[in-house]
Every structure is written in structure tokens, then in C-alpha cells.
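Visitor: I would like to learn how to read a protein model. Please show it to me and take the features in turn.

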Amino acid sequence: FPGAGRPLQMGFATPRRKDNKGRDDRESQLGDTPPFKVFVGGLSDRDNEEEVGDFFSQWGLVAMVYRDKGGTFGFVHFATREGALRLLDEGGVMFQRRPLDVKVAESRRGMDDRERSDLIKRAIARRF
């Protein structure tokens, strides 16, 4: 066989270097109050909100999923900052053999305390 005369060299995989500056930027863009909104691009019109919410719950407690009807994007609202940051640190994710683009959503309007608490209660009720 070609190359059979050379000794096999093995080594350990080295983890990717985490860019702390990028994480700090994402933290500041997420804001201080829940829910923490993440933009998700690359969804299909066949994906429903429940499937998307179940998929993203592996990173943290999903408070709400908003899907653009007929479009290819949506927003995932996490109840905790840590869940949103875990997803954003992951970078690109695969959902049903399709790559999804995830990034911090640009929030256009704030959420008052009543809306926020109702959203979190619904997320907890959906999970338990």
C-alpha cells in the first residue's frame, strides 16, 4: 500500500480558540433583561414553531419561537442569557440536515415586565 512504510502519527485534537472579544460583544448586544432574542435564518416553511422550539431547547429554556409565515427566518427567545450565549458560541447549527444561521437579533421594541413574566410562565408551562 502507498505510505505503508511510514509510521502512523497520531495526536490529540486541539479545541478551537474561543474569541472572548466576540463573546463580550454578543453579551452586550443581548441586553440585560429576559427574554434574550436570537435571529435564526435558514428555516423552511415546513418547520413549525414547536419543532424549532424543541430543537433549540438543548441550549437553554426557550420562552417563545416566532416564525415568519412563508419565510425562511424566525426568532428564538431564550429565558436566560446563558442559553442564548451557548447557542451563539456554537456558531452554525444543523437542523434537519440544513445549516441554520444564528446571530443576535436586533430588537426594535422593548418588552414590559408584564409581557416578560407572562412569556416566561408560558415557557415553563410548555416544558413541564
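Visitor: Where does D47 lie?

Guide: This is a predicted model. D47 sits in the loop that runs between β1 and α2.

Visitor: What does the side chain of D47 reach?

Guide: The backbone nitrogen of S44, at 2.8 Å. Leaving aside residues up to four places away in sequence, D47 also touches V52, R67, F95, Q96 and R98.

Visitor: Now the nonpolar core. Which residues of the largest one touch the most other members?

Guide: The general idea is that nonpolar side chains tend to be buried together in soluble globular proteins. Here the largest nonpolar core has 22 residues, and F56, F78, L87, V93 and L100 touch the most other members. At least two residues of this core come from each of β1, α2, β2, β3, α3, β4 and β5. The largest share is that of α3, with four residues.

Visitor: What does F78 touch?

Guide: Not counting residues up to four places away in sequence, F78 has contacts that include P35, F36, V38, F56 and W59. G83, A84 and L87 are also among them.

Visitor: Which residues of helix α3 are buried?

Guide: Helix α3 covers residues 81-90, and its buried residues are R81, G83, A84, L85, L87 and L88.

Visitor: What comes just after α3?

Guide: G91, which takes a positive phi of about 85 degrees.

Notes
Residues numbered from 1 in each chain as written. Predicted model: local features only at pLDDT ≥ 70, side-chain atom pairs only at ≥ 80, totals over all residues. Heavy atoms only, no water. Buried < 20%, exposed > 50% of the residue type's maximum accessible area, 1.4 Å probe, protein only. Core = buried A, V, L, I, M, F, W, Y, C linked by side-chain atoms within 4.5 Å. Contact = heavy atoms within 4.5 Å. Polar contact = N/O pair within 3.5 Å; in protein donor to acceptor, adjacent residues only side chain to side chain.
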